[in-house]
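The following report is written for a reader who wants geometric detail together with the criteria behind each term. Please keep the sequence and the model at hand while reading.

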Amino acid sequence: MRWLKVLLILIVLAFLGLFLRGLYINNLKVILSNVYSNGDIKELTFKVTYGGFAPLGKAVIVNKGVEELGDKDVYHIKAEAELNWFINRIYKIKAEINSFIDKNKLYPLKFTQMLEIPGKPRQEKIMIYDQLNHIMKRGKEARIILPNTQDPLSILFYFMRQDLKVNDIFDFNFNTNQKNLRFYAKVLGKQEIQISGRKRYEVYMIKGSVKRRSKSLRHSSEFTIWFVDKPFKAPVLVKVFTGVGPVVVRTVETN
């Protein structure tokens, strides 16, 4: 049984190494030393991990600029996600979402979701937001939504256009499918981080939650976001606490 003890020790050491590496790569100074921008950001690349150390995959969010949607000018924000290289070699799952945000009102008018899994039909959902009449349509289905309903990309876009201050509160209605949710966040603190040879970063810590408006705890989650406000505007670290455990997202590239 000696080999079994050796195997257990090796497994424990491997997990300890991954955990320590997670603490290092999710440190704000380490993240900021690897990303830099002096102006508006058009593209963000994130690495996603479970618990901060087990790699799940990556996501890329791109600002496609202003487009026409009917008679409206909209910002088109696109996000693509893929699983980590090992899982992707087996499953090759592809996911994509798009948000088309009213240029003046900064709420979404259209939201799309696409999921491709080998061996299964392509799944695609298109949601149309009638923000004036508080209706969200998917095909022939229509659901009641609340005023100024947002989606995840439109909320990110909104934050990237704000000048944050400590104690700022953000209270959004949120819906991309069925239930009306509440996205609530408060700016709790600010810190300045100096990276050798670079400008000083102003980083705000934002805490919040996403819950049903009915106050049910189902499908609820809590999050903490570390958001750079100067010299550029972007989230650099996000920790989401869900029913299946903690998910950590860190920015690895800005363009």
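**Basis and overall make-up**

This is a predicted model, in which local features need pLDDT of at least 70 and side-chain atom pairs count only at pLDDT 80 or more, whereas totals for chains, interfaces and linings use all residues. Residues are numbered from 1 along each chain as its sequence is written, and side-chain values use heavy atoms, with hydrogens and water left out.

The protein has 4 helices and 15 strands, where helices (H or I, at least four residues) and strands (E, at least two) are DSSP runs numbered from the N terminus. Of the 255 residues in the protein, 40% are buried; here buried means under 20% relative accessible area, exposed means over 50%, and partly exposed lies in between (1.4 Å probe, protein chains only). The accessible surface comes to about 15100 Å², and 56% of this surface belongs to carbon and sulfur atoms; the areas come from the Shrake-Rupley method with a 1.4 Å probe, and for residues only the protein chains shown count as cover. Among the contacts with a separation of 6 or more, 46% are between residues 24 or more positions apart, a contact being defined by heavy atoms within 4.5 Å.

Strand 6 (residues 123-130) takes part in a pairing with strand 5 (residues 108-116) and in another with strand 7 (residues 135-138). Two strands are taken to pair if DSSP finds at least two bridges between them. The table sets out the two pairings.

| Strand 5 and strand 6 | antiparallel, 6 bridges | Met 114 with Glu 124 | 6 residues | Gly 119, about 85 degrees |

**Aromatic rings**

Rings of Phe, Tyr and Trp (its six-membered ring) pair if their centres lie within 6.5 Å, and planes under 30 degrees apart count as stacked, over 60 as edge-to-face and the rest as tilted. By this rule the count comes to 11 aromatic pairs. One of them joins Tyr 158 and Phe 170 in an edge-to-face arrangement, with 6.3 Å from centre to centre and 80 degrees between the planes. Because Tyr 158 lies in helix 4 (residues 152-159) and Phe 170 in strand 10 (residues 169-174), the pair ties together parts that are 12 residues apart in sequence. Tyr 158 is partly exposed, with a relative accessible area of 23%, while Phe 170 counts as buried at 8%. Both rings belong to a cluster linked by ring pairs, which also takes in Phe 159, Phe 172, Phe 183, Phe 223 and Phe 227.

A charge also sits over a ring: the charged end of Lys 110 is 5.4 Å from the ring centre of Phe 100. The criterion is that NZ of Lys or CZ of Arg be within 6 Å of the ring centre and within 35 degrees of the ring normal.

What surrounds Ala 59, leaving aside its neighbours within four places in sequence? Ala 59 is in contact with Leu 44, Thr 45, Phe 46, Glu 80 and Ala 81. This alanine is placed in strand 2 (residues 54-69) and counts as buried at 18% relative accessibility. The C-alpha atoms of Ala 59 and Phe 46 are 5.2 Å apart, although the two are separated by 13 residues in sequence.

Asp 229 lies in strand 13 (residues 221-230) and is buried, with a relative accessible area of 5%. Its side chain makes a polar contact of 2.7 Å with the side chain of Lys 233; a polar contact is a pair of N or O atoms within 3.5 Å, where within protein one must be able to donate a hydrogen and the other to accept it, and residues adjacent in sequence count only if both atoms are side-chain atoms. Beyond four places in sequence, Asp 229 is in contact with Gln 162, Asp 163, Leu 164, Glu 202 and Tyr 204.

**Backbone features in loops**

Lys 230 and Pro 231 are joined by a cis peptide bond with omega about 10 degrees, and Pro 231 is in the loop between strand 13 and strand 14 (234-242). Asn 148, which is not a glycine, has a positive phi of about 55 degrees; this residue is found in the loop between strand 8 (141-144) and strand 9 (149-150) and is partly exposed at 33% relative accessible area. Asn 167 likewise has a positive phi, near 80 degrees, and lies in the loop between helix 4 and strand 10.
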